Amino acid sequence: MIKINRKNIEDIALQYLNSIKSRRFRKTNPIATYYVDHLDEIILVKPAATDQINQKFLSLYALHKADFHSFRAYMDNQYKRMCMEIGNWLAKELNVNTCPYCNRQYTFTIDKKKKIRPQFDHFLSKSKHPHFALSFYNLIPCCPTCNHIKSDTAEELLYPYDEGFESKCYFKTNHVDFMINRKELEIQLETITECDEHFKARCNNSIHTFALQELYEQHLDYAEEIIIKAYSYNEDYYQGLTENFSKMGKSKNEIQRLIFGNHIDRASNERRPLSKLTSDLLEHIGIVECLA
């Protein structure tokens, strides 16, 4: 998983809130009335701070059982309307280039004649938490595959706006056996021993929920290319390429991307699919230190 870093995220959230507030919500029952009266708080709440709001709605659902299903259907329609009206705007503002859950697929937004954008996953599912169907921080731009397989999982996962795997959970391979002993290439996701148990549990839940181990085993050919390039690394040759590319005005990060075919800097992992895998493999083999 890749963390979504946006310095202007609060500004986008406020613009989104103003757009939501511009529509007319109906106070058709006590549940809807409470929702409308606390709209600002509900739209801008972050998943880590939802307990109080959740408890209030659970009480309302229990007291007004006959209204729950109509409220859920109403919020589902409101979400669909939001997607039609400002879905592309929101995706374009967030500008998430690859799926934060898997880092395997591009999630570009094209806002022209044919509108294309990532899907929005409800981090807290809208079927179980319809009151968060429009909540800004509950909407995670992602690829269709991850949105589908996550579904309504109740497992506690890493939350992309707060954290990702980064260097705490990494890809590793049996690259020595593969290159020297001609063994079959294997790839695994592991957490470092220094991680706290809560983080490890959420990492493992995320790996399981999004089938990351199984999916990345389908990218062994890509991993093989990275390993072979790393083993073929020659400092003099690399310095020569660096000097030549520098004359073309290319930065150090750009040169590394041209050589290895992907972003190595972890801060840029979200910009291209499989960049997390690339960074981890090069670091595991020891090439990152050579490039520093």
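Colleague: Why is Ser251 called partly exposed?

Modeller: The model is predicted, and in it Ser251 has a relative accessible area of 34%. Buried requires under 20% and exposed requires over 50%, so Ser251, at 34%, is partly exposed. Ser251 lies in the loop between α11 (235–247) and α12 (252–260). Its C-alpha is 13 Å from that of Gln239, a residue 12 positions away in sequence.

Colleague: What makes the pair of Tyr34 and Phe57 edge-to-face?

Modeller: The ring centres are 5.4 Å apart and the planes meet at 85°. Tyr34 belongs to helix α2 (residues 30–37) and Phe57 to helix α4 (residues 51–63), so the pair ties together parts 23 residues apart in sequence.

Colleague: Why is the pair of Phe171 and Tyr216 called tilted?

Modeller: Its planes stand at 45°, with 4.5 Å from centre to centre. Stacked requires under 30 degrees and edge-to-face over 60, so an angle of 45° leaves the pair of Phe171 and Tyr216 as tilted. Phe171 is in strand β5 (residues 169–173) and Tyr216 in helix α9 (residues 212–216), so this pair links distant parts of the chain, 45 residues apart.

Colleague: How do you know that Phe171 and Tyr216 count as buried?

Modeller: The relative accessibility is 3% for Phe171 and 2% for Tyr216. The cut-off is under 20%, so both residues count as buried.

Colleague: How many aromatic pairs does a search of the whole structure find, and which residues do ring pairs link into a cluster?

Modeller: The search finds 15 aromatic pairs. Ring pairs link Phe25, Tyr34, Tyr35, Phe57, Tyr61, Phe68 and Phe71 into a cluster.

Colleague: Why does Phe57 count as buried?

Modeller: Its relative accessibility is 0%; the limit is under 20%, so Phe57 counts as buried. Beyond its neighbours within four places in sequence, Phe57 is in contact with Ile31, Tyr34, Tyr35, Ile42, Phe71 and His131. The largest nonpolar core has 80 residues, of which Tyr16, Tyr35, Phe57 and Leu134 touch the most other members. Helix α5 (residues 65–94) supplies the largest share of this core, 11 residues.

Colleague: What makes Lys46 a charge over the ring of Tyr137?

Modeller: The charged end of Lys46 sits over that ring, 5.0 Å from its centre, and the distance criterion is within 6 Å. Lys168 likewise lies over the face of Phe199, 5.1 Å from the ring centre.

Colleague: How do you know that the buried residues of α10 are on the same side?

Modeller: The buried residues of α10 are Tyr222, Ala223, Ile226, Ile227 and Ala230. They cover an arc of only 135° around the axis, which puts them on the same side of α10. An α-helix has 3.6 residues a turn, so residues three or four places apart point the same way. Helix α10 (residues 220–231) has 12 residues and reaches 16 Å from first C-alpha to last, close to the 16 Å expected at 1.5 Å a residue.

Colleague: What are the totals for the protein as a whole?

Modeller: The protein has 14 helices and six strands, and 47% of its 292 residues count as buried. Its C-alpha trace spans about 70 × 40 × 30 Å along the principal axes.

Note on methods: Residues are numbered from 1 along each chain as its sequence is written. This is a predicted model: local features need pLDDT of at least 70, side-chain atom pairs count only at pLDDT 80 or more; totals for chains, interfaces and linings use all residues. Side-chain values use heavy atoms; hydrogens and water are left out. Helices (H or I, at least four residues) and strands (E, at least two) are DSSP runs, numbered from the N terminus. The expected span of a helix is 1.5 Å times one less than its number of residues. Buried means under 20% relative accessible area, exposed over 50%, partly exposed in between (1.4 Å probe, protein chains only). The arc is that of the directions from the helix axis to the C-beta atoms. Rings of Phe, Tyr and Trp (its six-membered ring) pair if their centres lie within 6.5 Å; planes under 30 degrees apart count as stacked, over 60 as edge-to-face and the rest as tilted. A charge sits over a ring if NZ of Lys or CZ of Arg is within 6 Å of the ring centre and within 35 degrees of the ring normal. A nonpolar core is a set of buried Ala, Val, Leu, Ile, Met, Phe, Trp, Tyr and Cys residues joined through side-chain atoms within 4.5 Å. Contact means heavy atoms within 4.5 Å.
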